[in-house]
Amino acid sequence: MADRISPAIIKRLPRYYRVISHLDSEGRAKVSSSAIAQMMDITASQVRQDFCNFGGFGQQGYGYDVSKLKSELESILGLDRRHNMIIIGAGNIGRALAGYKGFGDGFCVSAVFDIKTDGIALPSGVAVYPMSELASYCAGNKVDIAVIATPSQAAQSVADAAVAAGIKNIWNFAPTELSVADGVVVENISMSESLYVLCYYMNNKA
């Protein structure tokens with residue numbers, strides 16, 4: 001299915017999930033496409049078109065059952081399953097991610113890898129291993145996602161090692177583009193680029 005869903009729709013799915021989760025926490029039983037659209041600053045037609053790519057979830061004249069829609073979005077995003085993550089790079093970003101509690105119950109950071117392991121303080125239950133043990137760890141443990149939080153000059157070799165160890169999904173925080181084999185998914189996160197966009201709007205106000 002992912003091959004026929006546009007990247008723009010995929011990027012909206014987490015926003016839909018955040019909005020619907022908020023409504024569910026407030027005890028809302030149903031919601032219209034117009035209400036969802038208003039909260040997301042898009043059109044109601046866009047909401048309906050997006051949801052139709054996954055079979056549609058509502059009834060005309062009734063709207064969407066909030067609890068059911070939340071469950072459907074969890075299934076589409078894979079949030080109803082457990083995902084084991086490792087972090088490569090135990091610097092400031094890597095340590096912060098290891099202790100972050102906002103990923104949700106479906107994501108578990110099981111290990112952190114770095115070239116140096118001495119003196120690294122991590123949350124309870126998260127072990128730190130030398131990079132030399134990456135392949136053996138992946139051979140003995142199910143790893144769904146590798147988070148790369150290294151300096152840019154090390155990121156490509158680290159990605160190569162992760163892919164060689166059998167990892168097919170990479171969340172890249174290093175400020176560089178990665179070259180990976182077909183079948184490996186990379187999601188790049190650039191905090192500086194996001195800040196630069198904010199800076200542009202800040203400095204180009206009408």
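## A walk through the predicted model

Leu198 sits in helix H8, which covers residues 191–203. Bear in mind throughout that this is a predicted model. Leu198 is exposed, with a relative accessible area of 54%. Together with Leu195 and Tyr196, Leu198 forms a nonpolar patch on the surface, and the three share about 360 Å² of accessible area.

Now for a strand with a rather different setting. Is strand S3 enclosed or open? Six of the six residues of S3 (residues 83–88) are buried, so the strand is largely enclosed by the rest of the structure.

Which strands pair with S3? One partner is strand S4 (residues 107–114), which runs parallel to S3 and is joined to it by six bridges. If you want a spot to look at in that pairing, find Ile87, which stands opposite Val112 in S4. S3 and S4 also belong to a right-handed β-α-β unit, with helix H5 (residues 92–99) as the helical part.

Another partner is strand S6 (residues 145–148), which pairs with S3 in the parallel sense over four bridges. Here the residue to look for is Met85, whose bridge partner in S6 is Ile145.

**Salt bridges**

How many salt bridges does the structure hold? There are five. As a reminder, side chains of opposite charge can pair when their charged atoms come close.

| Salt bridge | N to O distance |
|---|---|
| Glu187 and Lys11 | 3.8 Å |
| Arg12 and Asp50 | 2.7 Å |
| Asp144 and Lys142 | 2.4 Å |

Take the pair of Glu187 and Lys11, whose side chains meet at 3.8 Å. This pair links distant parts of the chain: Glu187 is in strand S8 (residues 185–188), Lys11 is in helix H1 (residues 7–25), and 176 residues separate them. Glu187 counts as partly exposed at 39% relative accessibility, while Lys11 is exposed at 57%.

Next comes the salt bridge between Arg12 and Asp50, at 2.7 Å. Arg12 lies in helix H1 and Asp50 in helix H3, so the pair ties together parts that are 38 residues apart in sequence. Are the two partners buried or exposed? Arg12 counts as buried at 16% relative accessibility, and Asp50 is buried too, with a relative accessible area of 1%.

One last stop is Asp41. Most residues other than glycine have a negative phi. Asp41 is not a glycine, yet its phi is positive, at about 60 degrees. Where does Asp41 lie? Look in the loop between helix H2 (33–40) and helix H3 (44–52). Asp41 is exposed there, with a relative accessible area of 72%.

Definitions and conventions. Residues are numbered from 1 along each chain as its sequence is written. This is a predicted model: local features need pLDDT of at least 70, side-chain atom pairs count only at pLDDT 80 or more; totals for chains, interfaces and linings use all residues. Side-chain values use heavy atoms; hydrogens and water are left out. Patches are made of residues with over 30% relative accessible area and no salt bridge: like charges are joined within 9 Å, nonpolar side chains (Val, Leu, Ile, Met, Phe, Trp, Tyr) within 5 Å. Accessible areas come from the Shrake-Rupley method with a 1.4 Å probe; for residues, only the protein chains shown count as cover. A salt bridge is a side-chain nitrogen of Lys or Arg within 4 Å of a carboxyl oxygen of Asp or Glu. Helices (H or I, at least four residues) and strands (E, at least two) are DSSP runs, numbered from the N terminus. Buried means under 20% relative accessible area, exposed over 50%, partly exposed in between (1.4 Å probe, protein chains only). Two strands pair if DSSP finds at least two bridges between them. A crossover is right-handed if, with the strands pointing away from the viewer, the path from the first strand over the helix to the second runs clockwise.
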